[in-house]
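Reader: I am new to this structure and would like to go through parts of it step by step. Please show it first, and then I will ask my questions.

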Amino acid sequence: MLCTSLGLLSDLLLALWRGTIDCAASDDVELWEWRVMHGDVWEAHGEAVAAAGQYLPGSFDRKPRNIAEKMNTGYKTWEFQMYLFGLAPALTYGLLPEPYWLNYCRLIAGFRIICQHRIARSDLQRAQVILGEWELEFEELYYQRRQDRIHFIRPCAHQVNHLVSEAIQKGPPVCYAQWTMERTIGNLGQEIRQPSEPYANLSREGVHRSQVNALKAMLPELDEPLKGLPSGAIDLGEGYALLRKRDRRSAYPQGAEKRAITLFLNEPAPEIFKWARLKLPNGQIARSLWRESLKSMDATKPLRVSRNVKFSLDGVIRFGEVRYFTQLATETIGSDDGETEWSFVNVAVVSLFSLPDKELLELSSHVVASCTNHGDDEIRVIDAKSITDVVAMVPHRPRLPSGVVEDRFFMVEKPGLDVASFGILPADDAVEGEDSDNDSDDAMDG
């Protein structure tokens, strides 16, 4: 149901914005104020989508191609999802008329909640409110109660309003989405060895798979152990691991990085070994500017930037560009004998992005997080285990609600991972009686 909605909604919205949807004889396409993506504007938009692809980490899987050129020639469902949920909200800001853009952002805000593998009860309540308001606004903006536009309201637009109830009954939709089912069907098909009675064999393989999964759930020790870490890696525990490359020789940090390490340790910065990568519990690999800067963006196989991360700093969600990872030796006094003990603190040296522009964030229903990069002006040393996700920071030059036009970066998260919460809900999205502490909410796991 989720993938069907994604594909049909993207087709519907693009047909409206491009003006390619059927226009009745009693209607006039020139009167459609939402018809903005045509001609040179559509071509430029497609180029912007393709250019943004290199800023999406490799862990985001397939990057969207030029949608103006490839939309009708095998554009994948995942490409539509990355375009619709990740890139388009920021790339259509200032392009779509404001009422239509705000309505679109409501849809994306609701879908981002629904696409998580773990959804809190309060988030489901908020998603129900947002998606219900989106459907009503969609009809008022596009359909306008006109008989000759009733074909604008396709079943997929109404289907959106049932996603939350389906999630309550069956669990997060992403866990039984189309590609999940297709992968399972493919795996079961590969296990069939007898050409006779294929459907009976397929049914038997399905039963066998279910029995094995049930046993593994009851007795986890029966499951095959995960593959070990590569040679030279350091297991940090809790799913984190430092991965090579690593400096062959230690060296003193320089400049702003030296000052940040000195402030972190409260003593002069020592010699350090730089590490290139960090494995996260969700399976993503965070990389570093130290190594990625050696690769060209214009190479035969262009670099997919994977050094921007989401982490918690002083209880606030922040984004940063990793310069490198390292281990810092710290001195502690033993509690039993009072003797000095030394241990390593695993850290990342990051260049902070600013907090998202508050006005744009609230205007977009918390969908478009637009930040500036402070560069050397704000280098911080953070605990490596405070990093939760690898994110994309895509450059753009918007006109902010304040009227300022400047170079900024908008944040894109991989669909399915936990959505960043900046602690402020738009006033009209607040749920009556909702507990502000999400940690106390019952969560639905996928």
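**Strands, a helix and a loop**

Reader: Which residue of strand 11 is the bridge partner of valine 309?

Author: This is a predicted model. Strand 6 (residues 308–313) and strand 11 (residues 387–390) pair in the antiparallel sense, over three bridges. In strand 11, the partner of valine 309 is valine 390.

Reader: How many of the six residues of strand 6 are buried?

Author: A residue counts as buried when its relative accessible area is under 20%. By that cut-off strand 6 is mostly covered, and the number of its buried residues is five.

Reader: In the open sheet of three strands, what is the strand order?

Author: Strand 9 (370–371) and strand 12 (392–396) stand at the edges with a single partner strand each, so one side of each has no neighbour in the sheet. Strand 12 is joined to strand 13 (residues 408–412) by five bridges, and these two run antiparallel. The pairing in this sheet is antiparallel, and the order is 9-13-12.

Reader: Which residue in strand 13 is the bridge partner of histidine 396?

Author: Strand 12 covers 392–396, and five bridges join strand 12 to strand 13. For histidine 396, the partner in strand 13 is arginine 408.

Reader: What angle does the direction of helix 4 make with that of strand 13?

Author: Helix 4 (residues 77–91) packs on the sheet and touches both strand 12 and strand 13. The angle between the directions of helix 4 and strand 13 is about 155°.

Reader: How far apart are the end C-alpha atoms of helix 2?

Author: Helix 2 (residues 40–52) has 13 residues, and at 1.5 Å a residue they should span 18 Å. The distance in the model agrees with this, so the end C-alpha atoms are apart by 18 Å.

Reader: With which side chain does the side chain of glutamate 33 make a polar contact?

Author: Glutamate 33 lies in the loop between helix 1 (2–18) and helix 2. Leaving aside neighbours within four places in sequence, glutamate 33 is in contact with Pro97 and Tyr100. The polar contact, at 2.8 Å, is with the side chain of tyrosine 100.

Reader: How far apart in space are glutamate 33 and leucine 96?

Author: In sequence, glutamate 33 and leucine 96 are 63 residues apart. In space, their C-alpha to C-alpha distance is 8.8 Å.

Technical notes: Residues numbered from 1 in each chain as written. Predicted model: local features only at pLDDT ≥ 70, side-chain atom pairs only at ≥ 80, totals over all residues. Heavy atoms only, no water. Pairing = 2+ DSSP bridges. Helix = DSSP H or I, 4+ residues; strand = E, 2+ residues; numbered from the N terminus. Contact = heavy atoms within 4.5 Å. Axes fitted to C-alpha atoms, helices over the stretch in contact; angles between N-to-C directions. Expected span 1.5 Å × (residues − 1). Polar contact = N/O pair within 3.5 Å; in protein donor to acceptor, adjacent residues only side chain to side chain. Buried < 20%, exposed > 50% of the residue type's maximum accessible area, 1.4 Å probe, protein only.
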